[in-house]
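Welcome! Please take a look at the sequence and the 3D structure below before reading on.

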Amino acid sequence: MHPEARTIRQALLLIGALTLSLSSVASAQDGPTRIRIFDAVLTVHADGSLDVTEELTIRLAGESNEIVRDFSLRDDGARKGSTKLDVRILAVTDEDGQPLRTEEASADGGWARRLRIWIPGAGNADRRI
């Protein structure tokens, strides 16, 4: 497969995985959490690496102040079976650029990364992260 086609394919797989991971965002909440706006900017580099910057506007219900995101690390496009994507979370910040408290863990037998994000004062209000 041509390197550019593989890079585009990897970008599309990542977009799909990120979109599917939205279904798990509210897994630990008291009530319905709403993702009101989801924007993502993907930058594909010549070496095949990919930078992803997401901006989410979230409304957390009740007194909740955290969200949980699961990111699939599975790339099923490999010729010899599934491979694991190398994903690094560089920063999670609020709308003012201040770091938010996060906790990372492995999930799905190592094939997913679980990210728990605490958002102060988020209950019954829109917050951008």
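## Ground rules

This is a predicted model, in which local features need pLDDT of at least 70 and side-chain atom pairs count only at pLDDT 80 or more, while totals for chains, interfaces and linings use all residues. Residues are numbered from 1 along each chain as its sequence is written, and side-chain values use heavy atoms, with hydrogens and water left out.

## An open sheet

Let us begin with a sheet of three strands, which is open, pairs antiparallel and has the order β1-β2-β8. The strands at its edges are β1 (34-44) and β8 (126-128); each has a single partner strand, so one side of each has no neighbour in the sheet. From one strand to the next, the twist averages 15°. Such angles run from 0 to 180 degrees between N-to-C directions, with axes as lines fitted to C-alpha atoms, for helices over the stretch in contact.

Strands (E, at least two residues) and helices (H or I, at least four) are DSSP runs, numbered from the N terminus. Two strands pair if DSSP finds at least two bridges between them. Strand β2 (residues 50-59) and β8 run antiparallel and are joined by three bridges. One place to look is I58, whose bridge partner in β8 is R127.

How many bridges join β3 to β7? There are seven, and the two strands run antiparallel. E66, for example, has W118 as its bridge partner in β7.

Burial is described by relative accessible area: buried means under 20%, exposed over 50% and partly exposed in between (1.4 Å probe, protein chains only). Six of the seven residues of β3 are buried, so the strand is largely enclosed by the rest of the structure. R69 is found in β3, which spans residues 66-72, and counts as buried because its relative accessibility is 3%. The side chain of R69 also has a polar contact of 2.8 Å with the side chain of E54. A polar contact is a pair of N or O atoms within 3.5 Å; within protein, one must be able to donate a hydrogen and the other to accept it, and residues adjacent in sequence count only if both atoms are side-chain atoms.

## Salt bridges

The structure holds eight salt bridges, each a side-chain nitrogen of Lys or Arg within 4 Å of a carboxyl oxygen of Asp or Glu. One of them joins E66 and R116, at 2.5 Å from N to O. E66 lies in strand β3 and R116 in strand β7 (residues 112-118), so this pair ties together parts that are 50 residues apart in sequence. E66 is buried at 14% relative accessibility, whereas R116 is partly exposed at 23%.

R128 and E55 form another salt bridge, with their closest N and O atoms 3.3 Å apart. This pair links distant parts of the chain, since R128 is in strand β8 and E55 in strand β2, 73 residues apart. R128, at 34% relative accessibility, is partly exposed, and E55 is partly exposed at 35%. Elsewhere, R36, R59 and D126 are linked in a network of salt bridges.

## Charges over rings

A charge sits over a ring if NZ of Lys or CZ of Arg is within 6 Å of the ring centre and within 35 degrees of the ring normal. R101 lies over the face of W118, 3.8 Å from the ring centre. The charged end of K84 sits over the ring of W111, at 5.3 Å from its centre.
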